[in-house]
Amino acid sequence: MAKSVNPDAISILLANPSPDFSSDGPTDIVVQILDLKKVGNKFTFMASDGKMKLKAVLQSTLSSEVESGKIQNLGLISILNYTVNDIQMKNEMVFSKYLIVTKCAAISPALEAEIKAEGKMEESGIVLKPKPEMAITSEVKREGTGIILKPKQELVVKSAAQIVHEQNGNMAPAARMAMTRRVHPLVSLNPYQGNWTIKVRVTGKGNMRTYKNARGEGCVFNVELTDEDGTQIQATMFNEAAKKFYEKFQLGKVYYISKGTLKVANKQFKTVQNDYEMTLNEYSEVEEASNEATFIPETKFNFVPIDELGPYVNSKEFVDVIGVVQSVSPTMSIRRKINNETIPKREITIADESKKTVVVSLWNDLATTVGQELLDISDKSPVVAIKSLKVGDFQGVSLSTLSKSVIVVNPDTPESNKLRSWYDSEGKETSMASVGSGMITATNSGMRSMYSDRVLLSHITRNQSLGEEKPVFFSIKAYISLIKPDQTMWYRACKTCNKKVTEAIGSGYWCEGCQKNDDECSLRYIMVVKVADASGEAWVSVFNEQAEKIIGCSADELDVLKSQEGEGNDFQLKLKTATWVPHLFRVSVTPHEYMSEKRQRITARTVAPIDFAAESRFLLEDISKMKASQ
C-alpha cells in the first residue's frame, strides 16, 4: 500500500484539540511535514494532509528523532499524542492554532514532493475571537440533501460552570477537576499552552526561605513534582502563594494542579531534568487527590558513567549513577557539628564498565534500610541505580545521597542487564581503580584534581594561618625524602568497619563500633612521611590507602617483613625503595596544637604517580601563562 497522509487528518486534529488517549481517542492521524526548521531547542513545521495545513511544534524530547534523521522534511509521521492550542499573536484579537506534538512515529522518510489533494489547499489555524454569543443547538435535517440547518431558537443559556455544578452536586473539588478536565502529562506542557491540569505526586519539598532585594522582603519555597510517567518538574511559589500552599503540599501526596505558568528553567538552579519550571501564584488551583487510586511514579534515570563524574565535583547539579556493588561498610554514627545530632551513615563502593570505582555515602534511613539490604546480599555483587546524588571532592571524587535520593536494587532495565552481563563475563576479574585517583583536570570543567590549586611546599609552610576557619586544599608535586622506621606505622583494625580494636580478655579483639569480638584483625597504616620539593620540605600525615601507594604493600605485609631478623632486612629495604620517588599529592591544611604550640597539620587526601605526559602539558601551560603576563 502506498504511503500517504490521512486526507482528513487536520480536521480530526481541530475537532479534538485535547483528546483523551487513555480511552478511544482519534487514531490514524498521518500528516506530511513541511518547512521543518529548528527554533531554540525545538523543531517547528507545517502539518499537511494534502487539503489543509496547520502550524505545529515538536516537543523538545522529539528533537533527537529529527537530528538522527528518523523524522525528515517532506516525510510522513503518525501523531500518537498531541494538543491543539490557541496562541495569541501580535494583534490582540487574532489567535493562531498550534499543534503541539508530544508523541509520534516516523512513517516514511522524505517524499519527492509535497502531497496535494485536488482543489484549493487551505491553511487552517487563524481564528478571530469575537464577543461570545448564545449557541443554538436545535437541528432540522432536510431529507435527500444531507444539509443540516440550524434555525434560531429561544433557549435558556447556562454556562459550563452551572451545568457542571448541577451535574456534580456536592462532589469534592478534586473529583470535579478530574472529571471536567483532561489530565496532561508533564512532558506535554510548554509555556505556550493555555489551560491545563496535571496529576502529580510531591517527591521533594524545600524549606520556606526568606529573601530581601531592591523590591523589598519576601518568602519562597519550591516542590518537586512527578507524574505517573516519572517525568519531573520543579514548581516555585513566592510570597502569598508560598504562604497559601506551604502547608497544603505534603511530601508523598498526590495533587491535581492547574492555573500555573511555565518558563524556561534556569540551569544554574534547577534540580530536576526538565526544560521548563513552573510557577504557582495565589490564584493557582491545588487539590489533593485523596479519594482516588494514587500512583507510584516510575523512576527515570539519566546515568553519568563513573569516569565522567569529575566535571560535577562541587557543582549544584545532581547526578544519577548505576554500578555493581563492590563493598558495603557497616553503619556508622556521625555527629553533626551544628546541632550535635547523631545520624547513621554507611558507605558503599560501586564500579561500572569504565573500570572505575567510587564511594557512595548513604545517610539516615537509606543507610539503615537499603544499606542493610545491600550488606546482606553484598556477596552476590548486586547492581544499584541511584538517583539524585551530590558529587563531592573527598578522595578526589565521592558521592553522597540527599533526602530526595532514590536507590533501586537490581533494576530490570537495559542498562542494568548490560552492566550485569559485563561484570559476570569480565568485570569481576578486572582490576578497578578509584575515579579520584590521579584524575587530570579539564581546563573548562572547574573540577578539583591533582592539577588544580598547584602550589610549592613553601607556600603552605610559610603561611601558618592557613585553614584557621576551615580546611584548605592544595595540590603539590613532591618526593618522599624520609620515612622514619621507628615510628608507629599502623594500628590494629576491625576487618568489618576498619575502626581500632583492642585485645579482648582471653583471646581475640574487641571492636567498639561493631560491638563484637573477632578472632583476627587487620593492620592499617597511620603514619607521617617527610616530603620535599624545590622550595623546602614538610611532614605529611598519610593513612592506609595513600600509604599503600607510597610503600607498595599493605601494612600486614610490611609487618611480616619487619618481624624478620637482621640489620639489612627487607623491611628497611622496602622503606628505602619508597624514598626519593615523585608523587602527586592532594593535601588538606589545618592548624592544631601540640604541647601548647600551634602547628600545621598537612594531611594527604589523595596520592597518585606522576603522569609525565599530563605533567608536561601542565608545565607548558604554566610557561605560556608566565609569558603572557610579562
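This report describes a helix, a group of paired strands, some aromatic rings and some salt bridges in a predicted model.

## One face of helix α11

Helix α11 spans residues 555-562, and its buried residues are Ala555, Leu558 and Leu561. When the helix is viewed down its axis, these buried residues fall within an arc of 115 degrees, so they line one face of α11.

## Strand β12 and its partners

Strand β12 runs over residues 216-226, and because nine of its 11 residues are buried, it is largely enclosed by the rest of the structure. Its pairing can be followed through the strands β10, β11 and β13, taken here in the order of their numbers.

Strand β10 (residues 197-205) pairs with β12 in the antiparallel sense over four bridges, and within this pairing Arg201 stands opposite Thr226 of β12. Strand β11 (residues 209-213) is also antiparallel to β12, and here the pairing extends over five bridges, with Arg209 standing opposite Val220 of β12. A hairpin connects β11 to β12, and the link between these strands consists of two residues. On the pairing with strand β13 (residues 232-238), seven bridges join it to β12, and the two strands again run antiparallel; Phe221, for instance, has Met237 in β13 as its bridge partner. The strands β12 and β13 form a hairpin as well, with five residues between them, and in its turn Gly230 has a positive phi of about 90 degrees.

## Aromatic rings

A search of the whole structure finds seven aromatic pairs. In the pair formed by Phe301 and Phe303, the ring centres are 5.0 Å apart and the planes are at 10 degrees, so this pair is stacked; the cut-off for stacking is an angle under 30 degrees. Phe301 has a relative accessibility of 25% and counts as partly exposed, while Phe303 is partly exposed with a relative accessible area of 21%. These values can be read against the rule that buried means under 20% relative accessible area.

Trp422 and Tyr423 form a tilted aromatic pair, with 6.2 Å from centre to centre and 55 degrees between the planes, and both of these residues are buried. Elsewhere, ring pairs link Phe245, Phe249 and Tyr255 into a cluster. A ring can also have a charge placed over it, as with Tyr246, where the charged end of Lys205 sits over the ring at 4.1 Å from its centre.

## Salt bridges

A search of the whole structure finds 15 salt bridges. In one of them Lys51 is joined to Asp8, and the closest N and O atoms are 3.1 Å apart. This pair links distant parts of the chain, 43 residues apart, since Lys51 lies in the loop between β2 (42-48) and β3 (52-58), whereas Asp8 lies in the segment before α1 (9-15). Both partners are partly exposed, with a relative accessible area of 35% for Lys51 and 37% for Asp8.

Another salt bridge joins Arg420 to Asp424, with the closest N and O atoms 3.2 Å apart. Here both residues lie in helix α8 (residues 414-425), and they are four residues apart, which is about one turn of the helix. Arg420 counts as partly exposed at 22% relative accessibility, and Asp424 counts as partly exposed at 41%. A further salt bridge is formed by Glu537 and Lys530, whose closest N and O atoms are 3.7 Å apart. In this pair Glu537 is partly exposed, with a relative accessible area of 45%, whereas Lys530 is buried, with a relative accessible area of 18%.

Methods:
Residues are numbered from 1 along each chain as its sequence is written. This is a predicted model: local features need pLDDT of at least 70, side-chain atom pairs count only at pLDDT 80 or more; totals for chains, interfaces and linings use all residues. Side-chain values use heavy atoms; hydrogens and water are left out. Buried means under 20% relative accessible area, exposed over 50%, partly exposed in between (1.4 Å probe, protein chains only). The arc is that of the directions from the helix axis to the C-beta atoms. Two strands pair if DSSP finds at least two bridges between them. Rings of Phe, Tyr and Trp (its six-membered ring) pair if their centres lie within 6.5 Å; planes under 30 degrees apart count as stacked, over 60 as edge-to-face and the rest as tilted. A charge sits over a ring if NZ of Lys or CZ of Arg is within 6 Å of the ring centre and within 35 degrees of the ring normal. A salt bridge is a side-chain nitrogen of Lys or Arg within 4 Å of a carboxyl oxygen of Asp or Glu.
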